[in-house]
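Colleague: I have not looked at this one before. Can you walk me through it?

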Amino acid sequence: MIVLYSSFKGSLRGVNFIIIRPDNKILVQKRCPNAHTNPNRYCFPGGAIEKGEKPLIAVEREAYEETGVFFHKFTYLCDIEYELKGVIYVNRVFLCRVPFFPYIFSKEGKMFWKTIKEIDKIDLALGENVILPILKEVI
């Protein structure tokens, strides 16, 4: 089930990206202990949409900033809504299947490749667990 953006109370503010390798392992991030939001929590990496930026450009930029790898051919997966410090946010979630096993470098926390079953056991930050049923449909 894909939640339509028009049903949300918040405004579109950020993007998340899900990278899937040929062996169906998925990239997740464990945030730094000193991160300003959700320290030491797992999440799908992403970030803010800059003023005037389109979500697809934002996800390509964020993926490069977070991993050091330029990924392309992102496809829309869903929108998610969450509340943080009294503000309602909407993030657009994109998916990218890669035909290789990239080495990932991250300044924002540690990155891990995990199976969908491993991710299913994690309490993801910002309620991102709502993405999992949708993700299971496409794997």
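Colleague: Phe74 first: buried or exposed?

Modeller: Phe74 counts as buried, at 9% relative accessibility (buried is under 20% relative accessible area, exposed over 50%, partly exposed in between, with a 1.4 Å probe and protein chains only). This is a predicted model, where local features need pLDDT of at least 70 and side-chain atom pairs pLDDT 80 or more, while totals for chains, interfaces and linings use all residues. Residues are numbered from 1 along each chain as its sequence is written, and side-chain values use heavy atoms, without hydrogens or water.

Colleague: How many aromatic pairs are there?

Modeller: A search of the whole structure finds four (ring centres of Phe, Tyr or the six-membered ring of Trp within 6.5 Å; planes under 30 degrees apart are stacked, over 60 edge-to-face, the rest tilted). One of them is Phe17 with Phe74, edge-to-face, at 6.5 Å centre to centre and 70 degrees between the planes.

Colleague: What does that pair tie together?

Modeller: Phe17 is in strand S1 and Phe74 in the loop between helix H1 (55-67) and S5, so the pair links parts 57 residues apart in sequence. Helices (H or I, at least four residues) and strands (E, at least two) are DSSP runs, numbered from the N terminus. Phe17 is buried, at 0% relative accessible area.

Colleague: And how do Tyr82 and Tyr89 pair?

Modeller: They are stacked, 5.4 Å centre to centre with 10 degrees between the planes. Tyr82 is buried, at 13% relative accessibility.

Colleague: New topic. What does Ile131 touch?

Modeller: Leaving out residues up to four places away in sequence, Ile131 touches Ile18, Phe44, Leu77, Cys78, Ile80 and Val93 (contact is heavy atoms within 4.5 Å).
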